[in-house]
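Here is a short note for a colleague opening this model for the first time. Please read the points with the structure in view.

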Amino acid sequence: MYTLGDIAGFIDAELIGDASLEINGLSASSKVKKGQLTYISNSKYKLDLLNSNASAVILTKDLLDDCSTNALVVDNVYLAFAKITHYFKQQSNHLNGIHLSAQINSKNIADSCTIGEEVIVGKNCTIGANTTIEQGVTIGDNVTIQPNVVILQNTTIGNNVVISAGVVIASEGFGNALDKQGHWHAIAHLGNVLIGNNITIGANTVIDRGTLEDTQIHNGVCLDNLVHIAHNVILGADTAIAAGVTIGGSAILGKRCQIGGGSVIASHMHLADDTVVTGSSTVDKHLNKGHYTGFTSISLHSNWKRTQMWLLKLDKIAQYLNIKLKNLKKGK
Amino acid sequence: MYTLGDIAGFIDAELIGDASLEINGLSASSKVKKGQLTYISNSKYKLDLLNSNASAVILTKDLLDDCSTNALVVDNVYLAFAKITHYFKQQSNHLNGIHLSAQINSKNIADSCTIGEEVIVGKNCTIGANTTIEQGVTIGDNVTIQPNVVILQNTTIGNNVVISAGVVIASEGFGNALDKQGHWHAIAHLGNVLIGNNITIGANTVIDRGTLEDTQIHNGVCLDNLVHIAHNVILGADTAIAAGVTIGGSAILGKRCQIGGGSVIASHMHLADDTVVTGSSTVDKHLNKGHYTGFTSISLHSNWKRTQMWLLKLDKIAQYLNIKLKNLKKGK
Amino acid sequence: MYTLGDIAGFIDAELIGDASLEINGLSASSKVKKGQLTYISNSKYKLDLLNSNASAVILTKDLLDDCSTNALVVDNVYLAFAKITHYFKQQSNHLNGIHLSAQINSKNIADSCTIGEEVIVGKNCTIGANTTIEQGVTIGDNVTIQPNVVILQNTTIGNNVVISAGVVIASEGFGNALDKQGHWHAIAHLGNVLIGNNITIGANTVIDRGTLEDTQIHNGVCLDNLVHIAHNVILGADTAIAAGVTIGGSAILGKRCQIGGGSVIASHMHLADDTVVTGSSTVDKHLNKGHYTGFTSISLHSNWKRTQMWLLKLDKIAQYLNIKLKNLKKGK
C-alpha cells in the first residue's frame, strides 16, 4: 500500500489533492472502486472519469477540469501507468520444493514440482515432473498437468482440466509504453487468468495474464498446441482453437467459436457466438455469426507471381478502365 | 480388456450380438483386426465395414443391415468413439526418477530426468536436465536430447536423432466430438509417434501422437523450431520443415519436400514427393510435385488498403465489365 | 585445434598447401582472420577470397586460380562446410547441479537449476526452477529468468533482462546442406547469441545461435510469446516483436521497428529503422521506413471463394481486356 504522495514521487507527477491518501490498487477507468487509482489517456473516456469512484486519477493537464477527485498530472499518462504497475506487482517468492502452506489433496504429484505459498490443489489431480506452480494458484478436482508446465501466481483453474506439457499460464502480457527517447517500458500485468471447467490446453501453448482485469477461458474451451492467448482475451464457452493460432490482446470470442489452425486474430476484435474461421485466416474485423475466410489460396509459384503483380495494380486497372467504386452494385 | 457388454454400457449403446466377447483394442475401419472394435460414421465407408474383420462396430441404426458382425448402435457414432477411447488409454504412471525397469545404455543422462517403465535408451545418447520420458519409449543410439524435453508414452525414436530443448513428442491430438449440448469431448489418442533415423527436431516443436494409427516422421527429416505436427501426419524421408509451420491432422507429405517458415498445411492435404512450398503460404489443396506459393505480398499500408478494397469487389467488377469465367481462356 | 591435413581428411578434400598448418576456427569469407578456415561457394564472392587473410579455403576446382592461400578442393563446398562445423562445435558437458566454477552473485537461484562451467550471473538476478544454463553463459545484473528456461552455451545477456518461462536461447540454427543422395547434413552453429540490456523475452520464444557470427538482440528490444528468431538475425535497439512472429535466418531489423503478431519475415530481409509491419503480414521484400501490410482481409467464406477464383484469373482477365502493364500509369 502506498500513499498518493508516494505514487506522485514514483512517477514524477504533480499531485493535486490529498498526499496522505492510501491507494490499495490500480483499475481501469470503467471499473475503478474507492481506494483505487486509475488513469485516463484519452479525452473520449472523460465520462468514465466524471462518473467514477476513483480515489485518484493519472491524467494530463487538459483533463484536469473534468476531474472531481485527486489528480496526478503527468505529460505521458500511459508511461506513468506502466511505471506505477510495477509497484503493485506481487513477486514470485518461492523457488524450491512444495511450500508448507500449500494444500494438496491429491497423491500423484511429482517430487520435482515447485509449488508456492497457499496453492490449493483439489482431488484426483496429477502434476507431472518439473512443473512449477506459483503462489496463490487454485486448482480444482480431476486436473491433469503434464510435465514442464509453468502456472504463474494467482491463476484459478476449475475441474476436469488437462494442461499439456510445456504450457505457460499467466505470463506477462505484451503491453509497453514508449518514453520520449523511444524506449519501451513494460507494464506489469496485475490481472490474473481464470480457467473454467472441462478445458483442454495443448502442448507449449501460452496464456497471458490480464493487465488489470483477468484473461478468461470459459467452460468447455479446447485449445490445441502452440496457441498464443494474449492479455485480457475472453474465450467463450465451448470455443475451439486449433494449433498455431495467435490471438491479440483484449480480443473477445463468443461461445462455440471454431478457429482453424494458424489463424491470427487482431487485438480488440469481437467474434460473435458460433463464429467459424477457416485456418490460416487473418481476423482484422469484428465478426458476426458466420463462416469466414481470409488467406491467399496456394498456386504454382509462377502463377502466384503474376497474380500478385496484377493485384498490386488493381487500383491502376480500375482507373485505366475508368471503373469507379460507385459504379459497382453494392454487395459484399 | 473389456467385454462388448461393458463397452455398450460405457457408451450407452444398443448391443446386437455377443455381450461376453472380449475386445482388446480400437482400430480404424480400414485396418481393423479380429478382437478389435471399430466405428463407421459415414455410409461411404460401408464397404470397409462389409470387408472388415472387426469383432464389433459402433454404428447408427441405418447402417445395421450392412453389418455382419457384432454391432453397437448409437445416435452419435463419433461421440461414442471419442468416449470409448478413454477406456483404452494407457495412463502415465511414473512421476519420479528413473524407473528400475528402464534399460539405459548411455552414461550422459542428467540426474534430474524422469524416465518411466520399460524405457530403452541406446548407446552414446545424451539426455539433458529435466527431461521426462514416459513408459515404453524406445530410443536408439547416438540420440541427443536437450533439457526440458517431454516424450510421452510408447514413442519410438531411431538412431542419430537430435531433439532440441522444449520439444514435446506424442502429445494428444486435437480431435474432439460434439455432443447435442454443443460440448466437446476429447478423443484419447491411442496411436503413437514413430521417429526414424538421422532426424533433427527444433526447439519447442510439438509432435502429436496418432488417433489410432501412428504419426510418422521418416528418416532424414529436419524440423525447425516451433513447428506443430498434428495427429496422424506422415512426413516422408528427407523432408525439411522450417520454423513456425503448422501441419494439420492426417496431412501426408512425400519425400524431400521443403516447407518454408510460417506456412500452414491444412488437415488431410497430400503433398507429392519433392514439393516445395514458399514460406508463409497456406496449403489448401493437394499438391503435385512443383514449387507453390500462396500469400499476399507486402506493400505500403495505404496501397494494401486500396488493393484489398478492389479485391473484395472483383466479382462485381467482372459483372460490371460483363466478363464471364467461360470467356477467359483456360489455364492455370 | 586441427591441422589442415586432419581437416582435409574429415571432408575428403584434395589439399593444396601446408598439411601441418594448424586451424583454430571457421569464419565467413568476409570476416576471416589468420589461422582460420573459410569457404567460398559462389564465384561472386571471389573478391572476398582474394582479399582475405584466410589461412585456408574450402572451394571447388574452378576457383582454385583465384586462391592465394592453402586450398581444400571439394565437389560440394557447402556440404564440406556443414561437415567440418561439427569438429569445431563445443559440446555441452554438464548435466547436474551448479558447477563449482560458476560465479553466481545473486541469492534467488532455484536449487533445481542446472548451471554449467564458468557461468557468470550478476547481482540481483532470479533464476526459476528447472532452468538450465550451459557453460560459458554470462548474465548481467537485475536479470529475471522464469522457470523452465534453457540458455545454451556461451550466450551473453546484459542487465535488466526478463526471460519468461519456456524460452530457449542459442538453439541450433536451421541450416542444412544436401548431399548427392538428397540427404540433409545439419550445420553445427558456432556463433553465439548476444542479448543487450533492458530486454523482455516472452514465454516459449526461441532464439537460435548464429552460424559463424552471432545472433544479436540489441538494447531495449521487446519480444512477445512464441516468437522465432533464426540464426544470424539482428534486431535493432527498441524494436518490438509481437507474438507468433517467425523471423527467418539473417534478417536484419533496424531500430524502433514494430512487427505485429503472427507476421513472417523471410530470410535475409532488411528492414530500415522505424519500419512498422501490421500483424499477420508476410515480409517478402526489403523495406524502407514506413508502415507496411500484406495479408488477405477476412470476408464471408462464400465471398472469399469467389474473390480467390477471380484473383487466380487476373492475368487472363487482363489478356481478355487487352490490358498491358505498360498501359498502366506507373505508381506503387
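1. Start with the interface of the two domains. Domain 1 and domain 2 of chain A bury about 1,100 Å² between them, and carbon and sulfur atoms give 70% of it. Buried area is the accessible area (1.4 Å probe) that two parts lose on being put together, summed over both. A:Tyr78, A:Leu79 and A:Thr85 supply 36% of what domain 1 of chain A buries there, more than any other three residues.

2. The model is predicted: local features need pLDDT of at least 70, side-chain atom pairs count only at pLDDT 80 or more, and totals for chains, interfaces and linings use all residues. Residues are numbered from 1 along each chain as its sequence is written, chains are lettered from A and ligands numbered from 1 in the order written, and side-chain values use heavy atoms, without hydrogens and water.

3. Domain 1 of chain A covers 2-88 and domain 2 covers 103-292; such bounds come from an automatic or database domain assignment. Their centres, over C-alpha atoms, are 30 Å apart. In contact (heavy atoms within 4.5 Å) are 14 residues of domain 1 of chain A and twelve of domain 2 of chain A.

4. One salt bridge is found across this domain interface. The term requires a side-chain nitrogen of Lys or Arg within 4 Å of a carboxyl oxygen of Asp or Glu.

5. Separately, A:Glu213 and A:Lys31 form a side-chain salt bridge, at 3.3 Å from N to O.
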